[in-house]
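Welcome, and please take a moment to look over the model below. The report that follows walks through a few of its parts.

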Amino acid sequence: MNKIDLNMKIGDSVTIFPALSGIYMNYGVDFCCGGDRSIEEALKDSNIDRDIIISAIDKKLASLEEAGETTIKLNEQTNEQLIENIIHTHHAYLRRILPELGINLFKLIEVHGHNHPELFDVHHLVGLLRIDLEEHLIKEEKQLFPKIRINDVDEVRSLIRKLEDEHDSAGDVLKRLTVVTDHFKLPEDACTTYAITYKQLQQLQEDMYQHVHKENNVLFERFE
Ligand SMILES: [Fe+2]
Ligand SMILES: [Fe+2]
């Protein structure tokens with residue numbers, strides 16, 4: 001029998017067992033924007049055979065059990081702790097990385113754009129993402145989080161609906177980035193800046209998964 005209940009919401013499975021996020025990311029299973037679906041449903045997204053993924057999940061849970069680390073605990077944090085966690089971990093990261101990526105990609109289209117025209121798409125998509133996410137962060141910090149702090153539930157619910165749509169749009173841009181870079185694969189003639197930039201893009205995607213998960217499936221969920 002499987003260690004994991006496949007009817008559990010996939011977002012909840014990461015809330016309870018954060019270590020599963022690495023497995024979902026490896027196999028291209030969306031647990032943040034699509035966190036409301038059951039695990040069974042979400043596994044249909046991946047090109048990988050569901051039994052392979054389920055066996056990886058079971059193995060991970062068994063190793064956590066052995067190490068006595070089965071529990072944790074985003075859902076035990078207060079709203080204020082979650083907000084602080086989101087701002088200091090994920091928003092701070094985006095504030096730093098988005099401008100840096102813009103500078104690196106501007107260099108890359110100049111030096112490599114001729115041989116690698118897909119870099120123009122990457123440059124463009126990252127530009128869109130930066131505009132969207134910078135505005136999104138400010139809306140969360142200046143509008144949503146203050147309303148959560150005073151527990152203005154109606155206002156929070158209406159803001160959350162818009163902000164979740166923005167998460168979906170950012171998720172779409174990230175998926176398009178994965179496609180145009182062929183999963184961040186470097187060409188043979190890639191220079192150091194190229195390699196650093198692709199690594200940063202991959203990390204950005206991973207960080208966004210965690211970030212949106214904490215918002216959609218943990219913090220926002222409390223108001224639904
Ligand atoms: Fe956020
Ligand atoms: Fe957000």
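Where is Phe-184 found? In this predicted model, Phe-184 sits in the loop between H7 and H8. His-183 has its place in that loop too, between helix H7 (153-180) and helix H8 (192-219).

The phi angle of His-183 is near 60°, a positive value in a residue other than glycine. Phe-184 likewise has a positive phi near 60°, and it too is a residue other than glycine. Are they buried or exposed? His-183 counts as exposed, because it has 10 C-beta neighbours inside 10 Å, and the exposed class takes in residues with 12 or fewer. Phe-184 has 17 other C-beta atoms within 10 Å and is therefore partly exposed.

Now to the helices on either side of that loop. The axes of H7 and H8 come within 11 Å and cross at roughly 160°. Angles over 145 degrees count as roughly antiparallel, so that is how H7 and H8 run relative to each other. H7 passes H8 in a left-handed crossing. Which residues make the contact? From H7 come Glu-164, His-167, Ala-170, Leu-174, Leu-177 and Thr-178, while H8 brings Leu-201, Gln-205, Met-208, Val-212 and Asn-216. By class, the residues of this contact divide into six nonpolar, four polar and one charged.

Helix H5 covers residues 79-112 and helix H6 covers residues 118-149; their axes come within 9 Å and cross at roughly 160°. H5 and H6 are therefore roughly antiparallel to each other, and their crossing is left-handed. The contact of H5 with H6 is formed by 17 nonpolar, six polar and three charged residues.

Here are the two pairs side by side:

| Helix pair | Axes come within | Crossing angle |
|---|---|---|
| H5 and H6 | 9 Å | roughly 160° |
| H7 and H8 | 11 Å | roughly 160° |

Next, let us step back to the whole chain. Its domain assignment gives domain 1 (10-66) and domain 2 (77-223). Taken over C-alpha atoms, the centres of domain 1 and domain 2 are 21 Å apart. How many residues of each domain are in contact with the other? Ten residues of domain 1 are in contact with eleven residues of domain 2. On the side of domain 1 that touches domain 2, helix H1 (10-16) and helix H2 (20-26) each supply at least two residues. H1 gives the most to that side, with four residues. Sorted by class, the side of domain 1 that touches domain 2 has five nonpolar residues, four polar residues and one charged residue.

A last stop is Asp-45, in the loop between helix H3 (39-43) and helix H4 (50-66). Because 15 other C-beta atoms lie within 10 Å, Asp-45 is partly exposed. Which residues does Asp-45 touch, not counting residues up to four places away in sequence? Asp-45 touches Gly-28, Val-29 and Asp-30.

Methods
Residues are numbered from 1 along each chain as its sequence is written. Chains are lettered from A and ligands numbered from 1 in the order in which they are written. This is a predicted model: local features need pLDDT of at least 70, side-chain atom pairs count only at pLDDT 80 or more; totals for chains, interfaces and linings use all residues. Domain bounds come from an automatic or database domain assignment. Two residues are in contact if their C-beta atoms, placed from the backbone, lie within 7 Å. Ala, Val, Leu, Ile, Met, Phe, Trp, Tyr, Cys and Pro count as nonpolar, Asp, Glu, Lys and Arg as charged, and the others, Gly among them, as polar. Axes are lines fitted to C-alpha atoms, for helices over the stretch in contact, and angles run from 0 to 180 degrees between N-to-C directions. Angles under 35 degrees count as roughly parallel, over 145 as roughly antiparallel, 65 to 115 as roughly perpendicular and the rest as oblique. A crossing is left-handed if the near helix is turned anticlockwise from the far one by less than a right angle, and right-handed if clockwise. A residue is buried if 20 or more other C-beta atoms lie within 10 Å of its own, exposed if 12 or fewer, and partly exposed in between; C-beta atoms are placed from the backbone.
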